[in-house]
Amino acid sequence: MYYSTRFLSLLLLAGFACSQPKETSEVITADSTASKFANAPLVEHIYTADPSAHVFEGKIFIYPSHDIETEVAEDDMGSHFDMKDYHVFSMEQPGAEVTDHGIALKLEDIPWAGRQLWAPDAAEKDGKYFLYFPAKDKQDIFKIGVAISDRPEGPFQAEPEPIAGTFSMDPSAFQDGEEYYLLWGGIWGGQLQWYEDQKLVEGRKGPTDGIPAPDQKAFMPYIAKLSGSMTELAEKPKEVLILDENGEPIKAGDNDRRFFEAAWMHQYEGKYYLSYSTGDTHFIAYATGDSPYGPFTYQGNVLEPVQGWTNHHSIVEFEGKWYLFYHDTQLSGETPLRNIKMAELTHLPDGKIQTINPMK
Ligand code: FUB
């Protein structure tokens, strides 16, 4: 089942954890649940997930999803991830207190959106801040929208329509010098498998309609340069190829390595790194290339599976050190009620990333 509990045994162990977030001032006690996690949640007063981190105004800003408890039944398309707003967080430096800047954007203030505010990201250009976010439109089809603010923490004002030419979900913004790019896509609940040649195929439903045979090329993320206004695509989106060690596109049946969702790009020593979630095998994998458009060659894993079904991350440099932001379900033990975390990330001398184990 989509986004169901692969880690049933871990969840059973964690089952005694309360399903309500703790107050900020409370400290998680060093019980057997907490002690198996390598890192502590960054905030505990609300549930948060999919953390996209950036350095703005000399601080780390985090743009996560805001998980909430819901009556919506769990299904194969992730309907139980029923988020209705975004909060923005900041910290002066790693380890410092995390500030919750409150609600930055609400579902009801997005004219075109119907439900499910999933993983967002942000970018800054010329003193303006742009929040890119996915939501299902009134026809229940994921689109990507943009909202604008003069401040990194918002509040953000949504554009009246989704960004033309976008589809699916999990947008992430990548700045390369003067150019900005938007990446996106995700299969199963992310609906990417319903598209052929970037057109919605009538009649496709559910998580497997449109998924290629195991020996066929997997779905890949998409990328497009953003226009000068940052609110439109400047070109037709292109598929970002992820290749195996033989230069062949990763196959749909290669579940340990194929792209599922959560594309993120960073640059390190002249190389482009594309990292992403492998979904049902729960890794954050990465591939490297010489251009944001790819092709990228699979290299390994950034992050081992976390507690919970989803794995979603971002990678950011702050004052010469690199950090991975990710989430797990330490606070709740429930897949749709996640909490964001961070860990230091190491680029090894050969350009590989040292794999991070989220558990001790
Ligand atoms: O938070 C909702 C969805 O779960 C995200 O968009 C996916 O990447 C997964 O983390």
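## What lines the largest pocket

The lining of the largest pocket splits into 13 nonpolar, 5 polar and 2 charged residues. Here Ala, Val, Leu, Ile, Met, Phe, Trp, Tyr, Cys and Pro count as nonpolar, Asp, Glu, Lys and Arg as charged, and the others, Gly among them, as polar. This is a predicted model, where local features need pLDDT of at least 70, side-chain atom pairs count only at 80 or more, and totals for chains, interfaces and linings use all residues. Residues are numbered from 1 along each chain as its sequence is written, and side-chain values use heavy atoms, leaving out hydrogens and water.

There are 20 lining residues, and His54, Phe174, Gln175, Met265 and Val316 lie nearest the pocket's centre. A pocket is an open set of points on a 1 Å grid over the protein atoms alone, where a 1.4 Å probe fits, with protein on both sides within 12 Å along at least five of seven lines; lining residues have an atom within 4 Å of a point.

## Around the ligand

Asp50, Asp170 and Arg338 are among the residues surrounding the ligand, meaning a heavy atom lies within 4 Å of it. A polar side-chain atom of Asp50 sits 2.5 Å from a ligand oxygen atom. For Asp170, an N or O atom in the side chain is also 2.5 Å from an oxygen atom of the ligand, and for Arg338 that distance is 2.7 Å.

The shell's residues come out as 4 nonpolar, 4 polar and 4 charged.

Notes:
A polar contact is a pair of N or O atoms within 3.5 Å; within protein, one must be able to donate a hydrogen and the other to accept it, and residues adjacent in sequence count only if both atoms are side-chain atoms.
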